[in-house]
Amino acid sequence: MVGPTGTDSIYVLLDNGDGILLMRTDMDGNPVWTHLYGDFRDKASTLGEAADGNIIMVSWTISNIDAVATKIDAITGAVIWSYRYPGLNEASTITKRGARHVLMGDTAYFTPANGSLAKPMAIAINDADGSVVWAKKYFEGQADYLDSYKHYITGYAVNPNKIIYVGKYYDAVVDPHGQDHRRVSVLPINAWTGNPIINAMHTYDLELGANDYAIESDAPFPWDIARVKDPVSGNFEGFAIAGSYSHSDTYTFTATDPVVLRVDQTYNPLWAKLYDSPNSAYGFARGIRQNVYFFGGRLNVYTSWENYQNAIDGSSTISDLLRINEADGLPHGITIYDVPNDDFAGMSINEDGSGGYLAIGTRDTTPFDTFQLLKVGQIGGNVDCLVEHEIEAEDLMVDDIIVEIVPEDVEVNLAVYDLPFVDLPLNVFECEGSI
């Protein structure tokens with residue numbers, strides 16, 4: 001992923017199989033330093049900005065199946081402190097709240113009938129020393145939810161005093177399709193206490209036509225959420241949620257496409273659309289942000305496509321920015337970013353769209369020893385390796401169900417985690433011209 005960007009630095013986080021690769025570059029993408037932290041047992045998750053301007057790196061270790069938070073000196077890359085948090089198996093998000101950070105992810109919950117199930121878990125830690133302020137698990141209120149159903153957290157957005165999480169919720173109680181039927185979930189919590197807002201979450205089914213079986217695509221294509229503002233007044237107007245939708249006319253899934261669900265400040269659906277390209281039947285949404293400077297607060301969805309008929313490099317895989325109207329979801333088109341042998345896998349953008357976009361890609365064939373960092377302008381261009389394509393939108397039906405959520409306080413005894421690092425110099429090459 002591409003992490004925090006300041007006035008003079010960009011931070012790039014990669015899991016390369018040998019450890020956690022963290023690189024600091026200048027604003028032109030030239031490496032300042034590159035460090036490899038830990039070893040093959042350490043897996044990268046996400047990056048956050050510390051309260052004092054340093055970096056908080058979130059990872060997990062396969063040795064203990066625990067989340068790890070590491071504070072890193074932003075100038076040198078040296079480890080300031082590093083702790084393991086037993087009980088939180090993997091943190092997928094980190095949110096800065098003053099001098100605290102909230103880590104949110106999943107914990108294993110064991111039942112006699114179904115074994116290990118995933119349930120959301122959050123831990124608030126102090127920026128100064130990594131100590132735990134509070135820790136909570138989140139369970140669905142009904143007994144059958146508790147015993148049988150899985151719930152994964154994949155992304156977050158913020159509002160004043162709130163953190164709004166989006167995830168994947170596997171349920172059969174509110175849906176006839178069976179236990180593995182996946183719905184997108186929105187779980188808002190109080191940022192300071194961890195308690196759920198109104199003790200409930202929303203789960204949404206997105207359906208394309210009465211005969212389609214709606215099911216959300218599984219990892220590594222997570223749901224993401226962005227806060228939406230009115231570009232004139234600056235008032236908060238709700239959230240935009242992006243994900244991937246597998247669909248067909250039968251129970252055999254034959255296509256996947258990016259989708260966006262727009263909800264208001266109280267999480268009630270406003271519109272939902274599926275985006276279809278004539279060039280591919282396999283499209284995946286990887287992230288969403290709002291750019292307030294264009295088209296009345298345009299939404300940008302970072303997507304990837306497989307078996308793409310018009311890939312620039314001929315590899316049949318591409319990544320792009322899908323540009324859509326915030327008010328109604330109608331598309332402006334997609335701008336393709338494509339370089340030889342690389343598959344872009346992440347995007348970073350400031351909340352208001354300022355500063356342009358940063359995309360990171362990794363080689364999808366062995367040896368896995370290279371990656372690509374691409375910076376583009378606010379409009380979505382200003383680089384050579386791109387081409388414009390058209391895209392179509394179809395309306396989705398939305399089924400919104402409220403599910404009771406009960407928090408449970410958890411005691412977490414943090415443990416010091418040794419995370420040594422070594423320098424790892426990189427060779428840098430320019431992307432020259434359209435391929």
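1. A word on confidence to start: pLDDT is the predictor's confidence in each residue, from 0 to 100. The chain averages 83, and 82% of its residues score at least 70. Strand β8 (residues 79–85) has the highest confidence, at 97, while strand β17 (residues 215–216) has the lowest, at a mean of 52; strands here are DSSP runs (E, at least two residues), numbered from the N terminus. Where pLDDT is low, the predicted coordinates should not be read in detail.

2. Some ground rules, as this is a predicted model: local features need pLDDT of at least 70, side-chain atom pairs count only at pLDDT 80 or more, and totals for chains, interfaces and linings use all residues. Residues are numbered from 1 along each chain as its sequence is written, and side-chain values use heavy atoms, with hydrogens and water left out.

3. Now the rings: the whole structure holds nine aromatic pairs (Phe, Tyr or Trp, the last by its six-membered ring, with centres within 6.5 Å; planes under 30 degrees apart are stacked, over 60 edge-to-face, the rest tilted). One of them is Y37 with F421, tilted at 40° with 5.3 Å between centres. Because Y37 lies in strand β4 (residues 31–37) and F421 in strand β33 (residues 421–423), this pair ties together parts 384 residues apart in sequence.

4. Y37 is buried, at 0% relative accessible area, whereas F421 is partly exposed at 32% (buried is under 20%, exposed over 50%, partly exposed in between; 1.4 Å probe, protein chains only).

5. Do look at the charges too: the charged end of R97 sits over the ring of W192, 5.8 Å from its centre, and K150 lies over the face of Y170 at 4.5 Å (NZ of Lys or CZ of Arg within 6 Å of the ring centre and within 35 degrees of the ring normal).

Conventions. Helices (H or I, at least four residues) and strands (E, at least two) are DSSP runs, numbered from the N terminus.
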